[in-house]
Amino acid sequence: MKTILGNETDDMKANEIEADVIVTAVALGFVGTRWYLDQPCRFDVEHPSPKEYDVWHPTDVGQRRMKPDKEEEFLKDYQAFLHVMSAMSYVLDKNDPGLGAFLKAAQSAEWAPGALITGRAGGEMLEADERHKRMRGRWSRHFAGLVTERPTWTEVYEGRGAYTGMIDDPVNDDIMIQPTKRVIDNDTNRWHPGLDYVNWGLIKGPAEKGLADINLRADRKLGMGPLPGDVRAPERIGYIHGMSSAINRCVSSGAWCTPYELATGEVTTKMASCFACTTYMYAAGFPPSSIHLGRGESWIPPAPHLVSGEKDDMAMPIHYENAITQSLATRWHWEIYHYLRLGSRYLYRAMEVQEEDQRALDSAGIEKTVIKYVNPTHVVPVIALKTALEQLWRKHLDQAADIGSVGGNLFLDALTMHDSDWKRVGRTLQPVNDYYVNEAAAALTKTEQERLAMKIAAGDILVG
Ligand SMILES: [Zn+2]
């Protein structure tokens, strides 16, 4: 089997590590791009879902009580995410002083029935919270209410990760209701682990709970129904999220339209766009009201060559007009390619700076070891990624290689290795991440005197 970056191995773990590096590079390159453009950049943590509370009150937070095990899990994940953000900031700052502090972590807006994620046209310079926009069209408001209150009646998918794409058209009251669309991608330029892997890319539930096939269930509360048939190499399964569909529809419906994603059903309560959608939204000029670094499992942008992967719904939705999907995908591929190049440069440079920092300590006679800034297990893929991107650039110059069709493929391939994006970043920068984890743990055992000494050392308290 060849790995995503083209190495020969039979170890699936190698793909996981490469996916870590690729997604981390895209994320770092995305942050760097916002920095150069002076655009706010924030990754958000979700609020727990109302289902995770013993007592839940819609408006009075003081009256809520989380289920103890859920609360522990939530706080653990929240802390872990913040450590990953610290690691990310540290490595970014090593590249460009100030870039680390520029990146922000926050909490997204709280979910409530009918709550929407907005893609705000031209909102790049706005803070995320200011990008929310109310629907104005009478019919879009009506249907948003209907999908929220009676998802079963509107026949939209309402299982895990159910985000229904909608548009707001205040002029012509055009309507679109498009849940996540499962598709089959036969692009031979993309990676595939081989013939042993049937239905590659399919979203799976936990096998130990007997839910491995959950996405194939006909019950819309659980799945998207059966596949048209087994999907084998070189084909793979992909998922077009509602927001991407809504953006395509906005182009043909009018410049006054706004794309939305509606968290649908009872199990989907994240009020932020997945990172993959985020990249597409920026490429199309509709940046999101909130971004999370969770899962974008087998995410794929609409494109002319995709065919339906739902046996019960073999038509591709009408809002995917080839000329529109093509032009948006071209721009997206280019942007991802450049995020990858910038991000991989950051990772590579972080390794060089680590060595420089060590030499500086050595020559000053300080007998300390500088920790690695990139996980030693991820170093080879970092170099392989850098080389692959440089080769593609040369091919573009010499043979007019079409980066607008293939530039984002490594990212798409990485997204077929399902995991949370923030966990991938955490693994790529593992030693730095561990440092923050350990520091936080050590801080808990410190005496008051030690805590104050630390504050003085950090310049938080100035002493004469
Ligand atoms: Zn998404």
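Modeller: The protein has 13 helices and 11 strands. Keep in mind that this is a predicted model.

Start with the sheet. Four strands form an open sheet in the order β5-β10-β6-β7. The pairing is antiparallel. Strands β5 (116–118) and β7 (177–178) stand at the edges. Each has a single partner strand, so one side of each is left without a neighbour in the sheet. In general, strands of a sheet pair through backbone hydrogen bonds, either parallel or antiparallel.

Now the β6 to β7 pairing. Strand β6 covers residues 163–168. Two bridges join β6 to β7, and the two strands run antiparallel. Within this pairing, Gly 165 stands opposite Gln 178 in β7.

Two helices lie across this sheet. Helix α4 (residues 138–149) lies across β5, β6, β7 and β10 (258–263). Its direction is at about 165° to β6. Helix α5 (residues 242–253) also lies across β5, β6, β7 and β10. For α5, the angle to β6 is about 20°.

Next come β8 and β9. Strand β8 spans residues 181–185, and β9 spans residues 236–240. Five bridges join β8 to β9, and the strands run antiparallel. Lys 181 has Ile 240 in β9 as its bridge partner.

Is β9 covered or open? Five of its five residues are buried, so by the rule of 20 or more other C-beta atoms within 10 Å, each of them qualifies. Both faces of β9 are covered. On one side sit Arg 236, Gly 238 and Ile 240.

The peptide bond from Ala 233 to Pro 234 is cis, with omega near 5°. Asn 199 lies in the loop between β8 and β9 as well. Phi of Asn 199 is near 55°, a positive value in a residue other than glycine. Asn 199 counts as partly exposed because it has 19 C-beta neighbours inside 10 Å.

A further positive phi belongs to Asp 38, at about 60°, although Asp 38 is not a glycine. This residue is found in the loop between α1 (12–36) and β1 (42–45). Asp 38 is exposed because 9 other C-beta atoms lie within 10 Å.

The largest nonpolar core has 98 residues. Of these, Ile 22 and Val 26 touch the most other members. The largest share of this core, 12 residues, comes from α1. What does Val 26 touch, not counting residues up to four places away in sequence? The list is Thr 279, Ile 336, Tyr 339, Leu 340, Gly 343 and Phe 411.

Last, the whole chain. Of the 464 residues, 43% count as buried. Among contacts with a separation of 6 or more, 74% come from residues 24 or more positions apart. The C-alpha trace spans about 70 × 60 × 45 Å along its principal axes. With 464 residues, a compact globule would have a radius of gyration near 23 Å. The protein has 23 Å, which agrees.

Notes. Residues numbered from 1 in each chain as written. Predicted model: local features only at pLDDT ≥ 70, side-chain atom pairs only at ≥ 80, totals over all residues. Buried ≥ 20, exposed ≤ 12 C-beta atoms within 10 Å, placed from the backbone. Pairing = 2+ DSSP bridges. Rg over C-alpha atoms; globule rule 2.2 N^0.38 Å. Contact = placed C-beta atoms within 7 Å. Axes fitted to C-alpha atoms, helices over the stretch in contact; angles between N-to-C directions. Core = buried A, V, L, I, M, F, W, Y, C linked by C-beta atoms within 7 Å.
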